[in-house]
Amino acid sequence: MPATKIYVPRETTSVSVGADEVALAIARQAKKTGAKIQLIRNGSWGACWLEPLVEVEVDGVRIAYGNVTPEDVPALFEAGLGGKHDKCLGPVNEIDYLVSQDRWTFWRCGLTDPLSLEDFLAHQGFKALQKAWDIGADAVISEVTESGLRGRGGAGFPAGIKWRTVADAEGDQKYIACNADEGDSGTFSDRMLMEGDPFGLIEAMAIAGYAVGASKAYIYLRSEYPLTHMILSRALDTAREAGWLGDDIQGSGFNFDIDLHLGAGSYVCGEETAMLESLEGKKGIVRYKPPLPAHEGLFGKPTVVNNVVTLASVPNIINLGGERYAGMGVNRSTGTLAFQLAGNIKRGGLVEKSFGITLRELIEGYGGGTASGRPVKAVQVGGPLGAYLPDSQLDIRLDYEAFTEISAMIGHGGIVVFDDTADMAQQARFAMEFCAIESCGKCTPCRIGSTRGVEVIDRMINDEKRDENYDLLVELCDTMEDASLCAMGGMTPYPVRSVLKHFAEDFASGGQK
Amino acid sequence: MTDQNNESISRIVQHYDGKPEMLVQILQSIVQAHGWVSEDTIRKLAGALNLSRADVHGVVEYYHDFRTEKPGKHIVKICQAEACQAMGSRELTAHAEDSVDGSVTLEPVYCLGNCACAPAVMMNGKTHGRVSADRFDTLLSSLQEAK
């Protein structure tokens, strides 16, 4: 009898709630009972609320068990592997949360063993890179342009245009810089992709390198992700040993390699020019633009800076065609976004859906409402620089332009839910405080304005001269928005203004005049 | 954590071929090995990388990860960002401040990327999710018992 395959994720969230202990208990129980098993540490499917999610393969079907603890393990074996148990959820490919998604970019996450090159190759691995070599660099860029893919890091800039600019730029050396400094609270999609499908990212970066003529690439990974670092490092070594990185990849004549760099706890280093400074070993101080990184980026050379998920969306665009990707989504927001349901939410996790879905569908439909069971008070979309939206704005369709219209942003797709116990005045204060802590200090509105912002909000909370301080805060927000060098200072006013507009009653006696 | 002696520092510098553009990576390796960056190390790095002490100092001061004081035996980082705030990280932090002794260095961190299982805490480099006050106490004791 062949060994029974058992899957236990090796991914930060599942490990943070006990997946390693469950895996150990399974290995011990198998030894004790003499059961023949093959333990596979897969990536996470993204149903975080079910973690640790264990799967047992029976006749080719993967039976899922949710929220498994080490104490559950003996009973799972006694029931016969794959058998009945209170925590059995049925086949994993019938869990509604997962099957109703549009998995374009994350389709291998959870399915495969992230560190098995063999498994990757058996699941379309490097097919897109080989197709890219067949159709040529120009056609690759055309496909990406046609797909309408926009930067998933937050800015939403069309990837195809960026690639074309770098391809056309003069330069003896060009670079690909993958931004994996996923600092926005409420976001973890880059991490899940890198932990669940690291070879997918490597392939995507190689395609980008081939398309624009770059032989050298960097991944700038935040230091808060040690498990991701371990997984990526191993995947890069494996790819290099197997000839998928390095000189003359698979005899194609294409040279390409990737270095993995760690950040050091600076939020601003997620801003592309600060990231380039940090990659050069310097303080993460934002650069003036122009010149654009596409013209003068890393070490002054033409550089494609793309977020992890942006890049990872490309292989399927090459495999299935840009037109197909462009057929999903709404308006100029084509394709899918990996939304991340976080904070006070019952069923938190990663939901990859086409643009056009509403926040309410995500929060109530997928998320099941708040974890506390209390009413939703506010939802922050797009990280610490994103607006706090009240219930009345939850039916707006997720579309970059529609969000810009309401002074909000989709950003990196993080959705943080707060229940009615949240003190929104404190959240407005935190927006300024965070900016003060993380400002790179180059421009005055951000460096000084954020500290003044905390002081003004404190006075409002203490009900000192509230009309005067209200006006001052609005004026300060105008200055920061208009005069800051980058989004850090320029968008910190978004959450602050949204609180003034929608939750003014949370200031002691109402911040509003 | 060992002393930041000449041998250890030059081994790390050599690993990065003594390239000044690897300064952030070198400092990260030093902090991972030693827990902090001493004034003496800054001086050694400036010499080894042919940079001014001010340059190295500036980089050390800029990044939150590069501590300039020796930390306690255990490093506990509690996420202070919005998703964890929505699940009570402010209360958890107050609880932690009351619970830890001198062997623990408590630090803020702004997002551990574990936002669907908040609040999140990192203890000696390992991330934990769904950390209630009780779970914090349990995790902390097992950390301290582990020696």
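In strand β3(B), Met123(B) is the bridge partner of Val76(B), in a predicted model where local features need pLDDT of at least 70, side-chain atom pairs count only at pLDDT 80 or more, and totals for chains, interfaces and linings use all residues. Residues are numbered from 1 along each chain as its sequence is written, while chains are lettered from A and ligands numbered from 1 in the order in which they are written. Helices (H or I, at least four residues) and strands (E, at least two) are DSSP runs, numbered from the N terminus.

**The sheet of chain B**

- Strand β1 (residues 74-79) and strand β3 (residues 121-123) of chain B pair in the antiparallel sense over three bridges, where pairing requires that DSSP finds at least two bridges between two strands.
- These strands belong to an open, four-stranded sheet with mixed pairing, whose order is β2-β1-β3-β4 (chain B).
- Because β2 (104-109) and β4 (126-128) of chain B each have a single partner strand and stand at the edges, one side of each is left without a neighbour in the sheet.
- From one strand to the next, the twist averages 25°.

**Helices of chain B**

- Helix α6 (residues 89-99) of chain B lies across β1 and β2 of chain B and runs at about 155° to β1(B), with angles taken from 0 to 180 degrees between N-to-C directions and axes fitted as lines to C-alpha atoms, for helices over the stretch in contact.
- Helix α2 (residues 23-34) of chain B packs against helix α4 (residues 53-62) of chain B at an angle of about 60°, their axes being 11 Å apart.
- In this packing, Leu23(B), Val24(B) and Leu27(B) of α2(B) meet Val56(B), Val59(B) and Val60(B) of α4(B), contact meaning that the C-beta atoms of two residues, placed from the backbone, lie within 7 Å.
- By class, that contact has six nonpolar, no polar and no charged residues, with Ala, Val, Leu, Ile, Met, Phe, Trp, Tyr, Cys and Pro counted as nonpolar, Asp, Glu, Lys and Arg as charged, and the others, Gly among them, as polar.

**Chain B as a whole**

- Chain B has seven helices and four strands, and its elements run α-α-α-α-β-α-α-β-β-β-α from the N terminus on.
- The C-alpha trace of chain B spans about 50 × 30 × 20 Å along its principal axes.

**Where chain A touches chain B**

- Contacts join 43 residues of chain A to 36 residues of chain B.
- On the side of chain A that touches chain B, the largest share, four residues, comes from β12(A).
- The residues of this side divide into 17 nonpolar, 20 polar and six charged.
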